[in-house]
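Hi everyone, thanks for coming along. I'd like to walk you through one structure this morning, so please have a look at it on the screen first.

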Amino acid sequence: MTIPAWKPIADAKRQATLDAIPQKWRITEPIPSPAEQRDVTGPYIQQYLSAREIEITELDAYAIAEKTTTGEWTAVEVTEAFCHRAALAHQFVSCLHEIFFDAAIEDAKKLDAYFAEHKKPLGPLHGLPVSLKDQFHVKGVETTMGYVGWIGTFQGIKGDARRGVFESELVRELRALGAVLYCKTSVPATLMCGETVNNIITYTTNPKNRLLACGGSSGGEGALIALKGSPGGFGTDIGGSVRIPAVFNGLFGIRPSSGRIPYEGAANSMDGQNTILSVIGPLAGTARSLQLLFKAVLSQQPWLYDPLVLEVPWRSDVEQETRALVEQSANDPSKLAFAIMKHDGIVLPHPPIARALNIVEQTLKRLGHKVIEWNPPSHATAVKLASAAYGFDGGADVQYHFDLSGEGPAPQVIVGGNLAQKNAMEIAQVNVAKREYQKLYMDYWNSTAELTGTGRPVDAVLCAAAAHAAVIPTQYVHVGYTSFLNLLDYTGVVFPVTNADKAVDVAQRETFLSELDERSYRGYDAEVYDGAPAGVQLFGRRLQEEKLLVLAEYVSAAVAGASA
């Protein structure tokens with residue numbers, strides 16, 4: 001059998017990533033198979049760490065920043081602890097594309113020297129390690145985005161002078177904020193996949209249940225942060241690519257509206273498709289960590305450096321108004337109103353997700369909040385329009401990048417080569433239909449003011465972020481629970497609720513909404529899913545990031561408190 005020309009290149013790149021791990025951090029004994037050891041989080045990974053490393057890495061980004069910005073902890077010690085834990089995480093679940101620990105430690109030394117001289121931090125993220133999805137260009141580090149044909153190039157272009165010296169705008173801002181960059185995480189080739197698989201890294205599994213996927217396309221971020229190999233990082237989201245990995249890994253993640261976080265200088269698929277813009281959002285272990293990262297980036301005034309960023313600084317007044325509503329609701333629950341969408345009319349959630357939604361709904365009702373049923377304009381229309389936008393070029397862009405090496409896509413990755421490219425008139429028709437749908441959804445949202453009792457429409461809506469808790473490889477069949485928000489350009493935050501339990505989450509359905517619904521249902525196996533994180537999505541209207549982050553913090557804390 002002839003070995004494809006691209007395979008040795010991919011194998012060498014994969015090995016180079018492993019070789020970048022210091023010898024002292026390499027695991028010498030065989031790593032148990034997923035069947036033998038599903039969950040490699042918590043005590044399992046901690047066995048390889050010192051007590052001090054555990055103390056550092058178990059804190060969330062917010063708490064770490066409190067210590068590094070005050071000089072209580074040094075940037076070097078924190079960076080080394082996270083580099084070690086990230087190295088272990090990669091050996092368990094293959095979540096890293098690029099490792100640059102040495103450069104990170106040198107940067108950390110400079111930050112410590114700065115603090116020693118000036119007696120103050122460089123910025124609000126001083127000494128905080130931050131991981132990045134492998135779309136962001138970092139000086140001295142390669143960006144492959146999962147394509148073999150990008151190895152040794154700049155986004156597939158051989159000899160491009162930007163290779164190794166260019167940095168994305170977000171990277172520049174994170175450095176200015178004092179963050180320490182130390183690794184880039186795995187993605188599916190094309191980025192258009194709910195799993196993380198490519199011919200370089202092969203497959204990134206879910207740390208909580210390695211029989212399942214970690215999500216995509218920011219899957220490496222989700223897996224790394226779940227293993228606490230990073231306190232927080234940044235991914236991108238065009239159809240759910242921040243929220244899916246976050247919720248699959250039991251994390252918090254935000255899909256902001258377009259124009260808030262700078263995308264300038266980041267690699268991408270289908271660049272120039274503007275009907276649904278990909279956006280950048282953070283993932284982290286807590287809601288307050290998301291706010292820290294989000295607010296810090298906005299403090300850099302990204303609208304001065306990225307022409308697509310809106311001049312909308314962090315709105316402290318919106319944050320405080322929302323916190324005031326939350327505080328007032330302790331005595332008067334009618335101050336807040338929510339809606340719940342138990343399914344999208346296309347695919348019903350699997351039992352663990354249905355249970356997670358019910359837990360949140362019952363928690364809010366016990367607190368006395370009004371919770372109404374969400375019956376919006378057809379989500380089937382949203383799915384159809386989003387799919388049309390993703391396929392405008394008939395898959396030409398991603399096929400071109402596969403052809404650079406001659407590699408083929410994994411079965412989960414849909415290239416779209418059987419689709420015809422759309423002409424200008426067809427694209428315009430989709431854009432008109434999208435605008436009309438956005439108007440219908442806006443009007444429906446406004447109409448809920450008649451039902452809430454607060455004198456205003458619902459404050460936020462709860463729904464699934466995916467039909468399943470993580471997913472069995474190749475079984476991701478419906479992205480409609482996330483892509484509709486991309487079409488609307490609404491703000492969405494996901495948060496953890498519970499875990500799948502084979503003794504409780506028993507499949508009992510006999511009727512189905514559609515053929516797709518039945519296909520999704522048949523993919524549910526209570527035994528396989530056991531232990532997987534099960535979370536939900538809270539969404540609000542466009543540009544409501546400050547409000548949604550506060551509400552997500554409140555609701556998630558209420559749920560956690562109710563189950564404690």
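**Pockets, core and strands**

Let me start with the second largest pocket: its lining residues divide into 18 nonpolar, 13 polar and seven charged. For those classes, Ala, Val, Leu, Ile, Met, Phe, Trp, Tyr, Cys and Pro count as nonpolar, Asp, Glu, Lys and Arg as charged, and the others, Gly among them, as polar.

Before going further, a word on the model: it is predicted, so local features need pLDDT of at least 70 and side-chain atom pairs count only at pLDDT 80 or more, while totals for chains, interfaces and linings use all residues. Residues are numbered from 1 along each chain as its sequence is written, and side-chain values use heavy atoms, with hydrogens and water left out.

Back to that second largest pocket. Its volume is about 660 Å³, and 38 residues line it, with Tyr 263, Ala 266, Asn 268, Asp 271 and Leu 308 nearest its centre. Strand E10 (279–284) and helix H14 (396–403) each supply at least two residues of this lining. Helices (H or I, at least four residues) and strands (E, at least two) are DSSP runs, numbered from the N terminus.

You'll want to know how the search was done. On a 1 Å grid over the protein atoms alone, a cavity is a set of points where a 1.4 Å probe fits but cannot get out; a pocket is an open set with protein on both sides within 12 Å along at least five of seven lines; lining residues have an atom within 4 Å of a point. Grid points are joined across faces, edges and corners, and a volume is the space filled by probe spheres set on the points.

Now, which residues lie nearest the centre of the largest pocket? They are Met 192, Tyr 390, Gln 412, Ile 414 and Val 479, out of 38 lining residues. This pocket has a volume of about 920 Å³, and its lining has 18 nonpolar, 17 polar and three charged residues. Helix H13 (379–390) gives the largest share of that lining, four residues, and helix H18 (515–522) also supplies at least two.

The largest cavity has a volume of about 60 Å³, and its lining includes His 137, Glu 142, Arg 162 and Phe 166.

In soluble globular proteins, nonpolar side chains tend to be buried together. Here the largest nonpolar core has 164 residues, and Leu 174, Phe 234, Trp 374 and Phe 539 have the most contacts inside it. Helix H5 (residues 75–93) contributes the largest share, twelve residues. By nonpolar core I mean buried Ala, Val, Leu, Ile, Met, Phe, Trp, Tyr and Cys residues joined through side-chain atoms within 4.5 Å; buried is under 20% relative accessible area, exposed over 50%, partly exposed in between (1.4 Å probe, protein chains only).

Finally, strand E13 (residues 460–463). Ala 460 and Leu 462 point one way and Val 461 and Cys 463 the other, and all are buried. E13 runs parallel to strand E11 (residues 337–340), joined by three bridges, with Phe 338 opposite Ala 460. With strand E15 (residues 533–540), E13 pairs in the antiparallel sense, again over three bridges, and Cys 463 stands opposite Gln 537. Pairing needs at least two DSSP bridges between the strands.
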